[in-house]
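This report looks at how two chains meet, and then at some features within single chains. Please keep the sequence and the model at hand while reading.

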Amino acid sequence: MSETALRTDADFEAFYERHWKYVYRLCYTYMRSEADAEDCTEDVFVKVLTGAPEFQDETHERKWLTITAINLCKDRLKSYGRRNVDSLDDENAPEIAAANAEAEPEEALALESEYAEVRQAVMDLPPKLKDVIWLYYFDGYSTDEIAAMLERPSSTVRNQMRDARNLLRDRLKTDFGSEIT
Amino acid sequence: MNETRDDRIRESIEEIEPAAGAKERMLENIRRKAAAQNAEPESRITQVNTTAPHAGEAKNRRKNNRRIVILRNVVLAAACVALALFGAVKLLPGKPDAPVIGTDVITAGGTLVLPEEAANVTYATEDTDYTKVSFDYKGWKCELYVSESADALPEFGKESEPSEFDAKNDATYCELPGAGGKYKLTWKLSGKTCVLLGPGGMGTETIRELYQKIY
C-alpha cells in the first residue's frame with residue numbers, strides 16, 4: 001500500500017474516529033486520571049495534525065500512535081513527578097462499561113470487580129513494564145516485535161515480561177492463583 | 001500462557017470508557033491546540049524581526065551561535081565515528097543478519113541444514129539464547145528459531161490449541177491468530193528446540209515437506 005497523509009479535515013476525522021478510544025485507553029492506563037488522559041490523547045492527535053506523518057496502512061497508524069502515546073505519557077509523568085501516585089481517586093475515574101450486560105446481576109458484579117482488580121494491577125505496574133504488557137496482551141505483538149518497537153534488546157523485553165508477570169501474579173494471586181505462571 | 005488471563009487483561013482495559021461528550025470535546029481541543037501551535041512560530045519570527053537587539057544582546061547571541069556551531073560539529077563527528085563502528089560490526093562474519101552462503105546455518109548450539117530451495121537466508125543470534133533464521137521457501141517467507149532451551153525462545157503471542165504434527169520429534173502445530181494467521185511448528189532436533197513460523201497460506205503439505213527437509 002502506498003503511503004498516505006491526512007490531507008483533509010475529513011481524512012483526519014476518519015483517522016480520529018478509528019483510533020481515539022484506543023489512544024484514550026492507553027493514555028488512561030498510564031496517567032490514571034480522566035483529565036490527564038484526555039489531555040494526553042489530545043496532544044497525541046495534535047502531533048498527527050502538526051507533524052503530518054505519512055502512514056503505510058492502519059497497522060502503521062496504530063504502531064505510530066502507540067509509541068507516540070507511550071512516550072508522551074511517560075514524559076508527562078516525569079514532568080509531573082507523579083510516578084508514585086498510589087491510587088486512583090474516584091472523582092478521576094472514567095466511566096467503566098458495565099461488565100457483560102447480559103450476565104446475571106451477581107455474575108456481572110463479580111466480573112466487574114475482577115476487571116477492576118486486573119486493570120488496577122496493570123495500571124500500578126512501573127511504566128517500562130506496562131509498555132510490554134500493553135503491547136503483548138492488548139495489541140498482540142510478539143516479544144521480538146515489541147523489542148523492535150521500543151528499541152530494547154529482545155532479552156530485556158523477555159525479562160521485563162517475566163518481571164511484569166511476577167508482579168501481576170503477586171498482586172492477583174487471590175483471584176488468579178495458578179493461572180499466572 | 002493461560003488464555004483466560006490474557007483475555008482478562010485485554011477485557012479489563014476495554015472496559016475503560018471515556019466520559020460522555022469526551023470525543024467531541026477532545027476533537028475540538030485538538031483543532032484548537034494544533035491551530036495555536038501552527039500560529040506560534042510565525043508570531044515569534046515577527047517579534048524577532050521587529051525588535052532591534054541591544055549591542056550586549058547581539059554579542060551574547062554571537063557567542064551562543066559560536067557555541068552551537070562547535071557543539072554541532074562535535075555531535076556530527078561523534079555520529080560519524082558511531083556510524084563507522086556500526087558499519088564495521090555489521091560487516092563482520094557471523095554477526096547478526098549476516099547473509100548465509102549455502103544451506104548450512106550455524107545456530108545456538110550447533111549447525112543446521114536448510115533445504116536447497118531455501119533462498120534469501122539470513123540469521124541472527126540473540127544474546128546467544130537463540131538463533132533466528134529468516135528465509136524464503138518456494139516464495140513463502142519463513143522464520144526458524146533454534147535454541148538449546150525452549151525457555152530461551154521469544155514469546156510469539158496468543159496461540160491456538162496445539163495439535164500433534166509428528167510424534168517422533170514431539171512436533172506440534174498451532175496457529176497464531178494475533179500474528180496475521182501465521183502457523184507455528186515446534187519440535188525437537190538433536191536436543192535443540194526448533195520453532196518454524198510461516199504464513200498460514202502455505203498449507204500443511206508444504207509445511208510438512210519443509211519440516212522434513214530441515215535437519
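The model is predicted, so local features need pLDDT of at least 70 and side-chain atom pairs count only at pLDDT 80 or more, while totals for chains, interfaces and linings use all residues. Residues are numbered from 1 along each chain as its sequence is written, chains are lettered from A and ligands numbered from 1 in the order in which they are written, and side-chain values use heavy atoms, with hydrogens and water left out.

Counting contact as heavy atoms within 4.5 Å, the interface takes 51 residues from chain A and 43 residues from chain B. Between the two chains there are 11 salt bridges, a salt bridge being a side-chain nitrogen of Lys or Arg within 4 Å of a carboxyl oxygen of Asp or Glu; over all chains the structure holds 29.

| Salt bridge | N to O distance |
|---|---|
| Lys33(B) and Asp39(A) | 2.8 Å |
| Lys33(B) and Asp43(A) | 2.9 Å |

Lys33(B) lies in helix α2 of chain B and Asp39(A) in helix α2 of chain A, so this pair joins two chains. Helices (H or I, at least four residues) and strands (E, at least two) are DSSP runs, numbered from the N terminus. On the side of chain B that touches chain A, the elements giving two or more residues are α1 (3–14), β1 (16–17), α2 (22–50) and β6 (130–137) of chain B, and α2(B) gives the most, with 12 residues.

Within chain B, strands β8 (residues 163–166) and β9 (residues 171–176) run antiparallel and are joined by 3 bridges, where pairing requires that DSSP find at least two bridges between two strands. Ser163(B) stands opposite Tyr173(B) in β9(B). The two strands form a hairpin with 4 residues between them, and Asp170(B) in the turn has a positive phi of about 55°.

The rings of Phe12(A) and Phe45(A) have centres 6.3 Å apart and planes at 85°, so they are edge-to-face. Phe12(A) lies in helix α1 (residues 9–31) of chain A and Phe45(A) in helix α2 (residues 34–51) of chain A, so the pair ties together parts that are 33 residues apart in sequence.

Terms used:
Phe/Tyr/Trp six-rings, centres within 6.5 Å; stacked < 30°, edge-to-face > 60°.
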